[in-house]
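The sequence and the model come first, and the notes follow.

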Amino acid sequence: MTADLTVIVPAFNEAASVADTIRSLQAQTAPPREIIVVDDCSTDGTGDVARALGVIVVRPPTNTGSKAGAQSFGLTYVRTSLTVAIDADTVLAPDAIERLLPVFDRPRVAAACGLVLPRRVRSIWERGRYIEYLFAFTYYKQVQECYGKPLISSGCFSMYRTSLLRAQNGWSDRTLAEDMDLTWRFYQAGHEVHFVPEAVCYPIEPRTFRLMGTQLRRWSHGFVQNVKLHWRGLLRVPFLRSAVAVAFWDATIAAALYLVLLPILALALKSPWVLLGYLIDAPVVLVPVLVGATRRREVLRALASLPAFFVLRTVNAVFFLRAVCAELVFGRSLHVYEKGH
Amino acid sequence: MTVGVPGTGIGGMFYLVSALAMPLRQAYRSLRRRPSAGWRIVAGQTAMAGAILAAIWVTGWLVGIAITASAAFIAPPPLLGAHPGNVLRTAALVLSAATLAAVLLGVELLRLWVHRGTGRAATAGEAGSRQQIRRVAALVLLALAADGTHTVAAQHTRALARRLARADSAFAAGDATTAAREYAAALTVDPENSRATYRLADLTKRRDPVEALRLFRRYVTLEPSDAWGYMAVGDALARSESYGDALRSYDDALRLAPDERDAVIGRARVLARAGRTDAAVAGYRHWLDANPSDAEAWGELGRQRLRQGRDRDAALAFEHAQAIAPDPTVARRLAVARAAAAAAITPLASGTHDSDGNTTLRLGGTGELASWGPMRLGLTASRTAIGGDGVTTTGRQDLTLGAAWRPGAAWQVQASGGASRLDAALGRSATILPTGQLRARWRVPGAGPIVDLRARRDVLDATPLLAANRVLRTELGATVELPIARVFKLRGIGRTVALSDSAEVNHRTTLAGMLAVHVTPSVEVSAQFHTIRFAHPTTAGYFAPRLVQVAQAGSYLEFETARGILLVFDIGAGVQRVAEQGAAIGPWGRALRLYSLIVVPLAVGRDLRLEFDGEQSAFANEVATPGGAQWRYVSATMSLRWALN
């Protein structure tokens, strides 16, 4: 049965991956009425690849400069009550859209997202991200959902109520994390956002440090920019304000302590045991990871990938700390959108 | 996107508390028929939170084991010690929870401040609804915080209660091994259980004093307002002879409990143990002024008075103790103190003999008056017969008035003055010569430096020739002992002696240095080096080489048997070389010496004292005889002190 929804696929030079995305959309148990690929002035034939698969391809007159710009451009072509935004490097589990649809039976629901897992788990960065997602989506996001406030409706795959999306003027490029910006605007407008763990999507994660750095830079600056932009409004949203405050604390104070205090303590106390602090919560991380991996029958993969998580976490802390300093201390806001893969 | 440092930070605590709170929230929403996540998801997340808590505990436990196992290779963290048990500290969890609470509270305060104006615009219904939500949220948070804490605490409490019950039973039954094991096990369940920490330390203090001290210090950290913890630390430090730290710990205890007997008396005991007898006496007296019915304190004061040399005061203290609570041990000490303080007579007999055939025999006695405060007076009279080569004989009579004064435990002053009458010999008529001695000894309390000053004037009488020549020895000497480390002492001796007779005055200078090591409190070994110089040769009858050098290993041993017999031995063995006047120094030769003292208490107040002294060397340091290649000398003295009480 065709769902009354349109999928927007923003794409800039995604010829290598967009076909997989389109095919996974076409293979959905609840296929969308329309698939619109926004070819954001690609130079690698992305539009041709998409067109060849029988989907609608639209092309803005000039490159919009961001994913948000391309998505908002695509939104003008949407004529269904629901809209799905999916990255051009992401494929969906066959029932992903079907799993999300029931959530929108409730009129206050503005957006819903699913579980995200890396499509490829080979390099250290992909493995680190694999563990991070297993941990976050099995534990943090579930708790957020139980309290009715997922921190973010993931930009790589989310479903929106078109009317409410348009009411928010679509996606904004004023921050580098347009998905977070949109999610928080929904909350402030009194709408609901939900997380559906059964709806699974598989993006391609950065496989090298350079690509990972680009993505982390965008995400970290995007988070700080959204906090700066929305902090007053967020104070009105129960649970979310606490979750954001805690996240902000961890991105600043905890990250600084994590990166600086442990080595200093180890030197001051002349005890290498202090450095165990970098790994001491490994069993804590392992519990949700193993729960998530067991459900997916990927326990060995998870165990093999666990060490990479600690590397990624440290890098993550560095980028968030840099972003906080740049955005809040030095006033150097980042606005150039760079793709992370 | 996952913000911050997932897994660590207060984010972990926030989601843990939130997950543990979910059942209550779910119950509330179900009762209110509001949309909710469903019990299956809630149960799953709560179980995951429980598993995370367990993982935290297991991690702490495993890290503790790793630290213990690798303590020999990697120094354990200073704050945890070599056997930290579970390194997960309640304090760390509390700190993390407090940080989280502070952040959340800060957000709420910020919200109230930022939106303080908008609240007035809200309708009454909205305001009421918000208030209700806030109340419920607060209750839920509180309940869940309590629930989370209670869940963990309950598990710990049950395991802990079992361990403690077993440990207490074993402790009460006197089974120290089992009790120690169970208390140690209790500490693995709850590393911050203060009672188990204290008891385990108490049970460990004899077997492993270092570990006991660590545990007592840990107890103080856990119970900083408990004076007994500081006292226990003080006692443990005193056992390891860290008296300064021990006293500081007792000072902490006294700040918390200034009138507590155990603190006051305990501090006095540490002072006594440290050798600070005067301060210990002051401590006991301070306590007894306010608590005169404390028999034990009177008894301990009596012992310290004896160490001070204040025998009469000691006897008075023991009398107080006996009057309050008769005790056979105190009764015995009382008798000893009374005998020591009483008037006494001491007959004595002594004799000397050397390898040249010189012999002396001395008979005499001393009469002492009863002690008067720190002062004691006595009169000594003796007759000495001096013979040599079996033909020449002479004699001397001595009469000396002596006084001993102990102004405090640190000071000892002895003075005596009198005269010696030398018989007519070798054409000289009988002569009376004044003699005397003054000795002052000062010891810095608490095993500190010692200064011993001595001046004396007496007659050399080892041979008939010396006696006939009326050789007088006038000596000034000083001994300084410096503790340079815990068991090492440096001792220096300097003496200058004028040896005068009717024809000349000669001078002898002695310098000596020694390094002494206290192997035990009653055993000392030392390495010594002495140099002795005479100004010029003499014909007065004593050996006056240009230079004598002595290198010797010495040992001093002091024992007391169960019957109270005191045995003292001072043994020296080494080499000696002598340079005659105008000659080069000779070869090294053997030098041996032995001094022993045996005091046998025949009854209370009746002590038999035996002294033996022997030397085998070319030059005798003290007796100054003509000497020889392997000259030998022995002396023996026997005296019996008979108290007249």
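Leaving out neighbours within four places in sequence, A:Val7 is in contact with A:Leu25, A:Pro32, A:Ile35, A:Ile36, A:Val84 and A:Ile86; two residues are in contact if their C-beta atoms, placed from the backbone, lie within 7 Å. The model is predicted: local features need pLDDT of at least 70, side-chain atom pairs count only at pLDDT 80 or more, and totals for chains, interfaces and linings use all residues. Residues are numbered from 1 along each chain as its sequence is written, while chains are lettered from A and ligands numbered from 1 in the order in which they are written.

**Nonpolar cores**

- A:Val7 is among the residues with the most contacts inside the largest nonpolar core, which has 135 residues; A:Val9, A:Val37, A:Val84, A:Ile131, A:Leu134 and A:Val289 are listed with it.
- A second, separate core has 62 residues, including B:Met231, B:Val270, B:Ala297 and B:Leu301.
- A nonpolar core is a set of buried Ala, Val, Leu, Ile, Met, Phe, Trp, Tyr and Cys residues joined through C-beta atoms within 7 Å, and a residue is buried if 20 or more other C-beta atoms, placed from the backbone, lie within 10 Å of its own.

**Where chain A touches chain B**

- In chain A, 47 residues are in contact with 42 residues of chain B.
- On the chain A side, α5 (124-146), α8 (209-234), α9, α10 (282-295) and α11 each supply at least two residues; helices are DSSP runs (H or I, at least four residues), numbered from the N terminus.
- The most comes from α9(A), with 11 residues.
- This side of chain A divides into 35 nonpolar, three polar and nine charged residues (Ala, Val, Leu, Ile, Met, Phe, Trp, Tyr, Cys and Pro count as nonpolar, Asp, Glu, Lys and Arg as charged, and the others, Gly among them, as polar).

**Helix pair in chain B**

- The axes of α13 (residues 295-308) and α15 (residues 328-341) of chain B come within 11 Å and cross at roughly 30°; axes are lines fitted to C-alpha atoms, for helices over the stretch in contact, and angles run from 0 to 180 degrees between N-to-C directions.
- The two helices α13(B) and α15(B) are therefore roughly parallel to each other, a term for angles under 35 degrees.
- The contact is formed by B:Gly299, B:Gly302, B:Arg303 and B:Leu306 of α13(B) with B:Val330, B:Arg333 and B:Ala337 of α15(B).
- Three of these contact residues are nonpolar, two polar and two charged.

Definitions and conventions:
A residue is buried if 20 or more other C-beta atoms lie within 10 Å of its own, exposed if 12 or fewer, and partly exposed in between; C-beta atoms are placed from the backbone. Angles under 35 degrees count as roughly parallel, over 145 as roughly antiparallel, 65 to 115 as roughly perpendicular and the rest as oblique.
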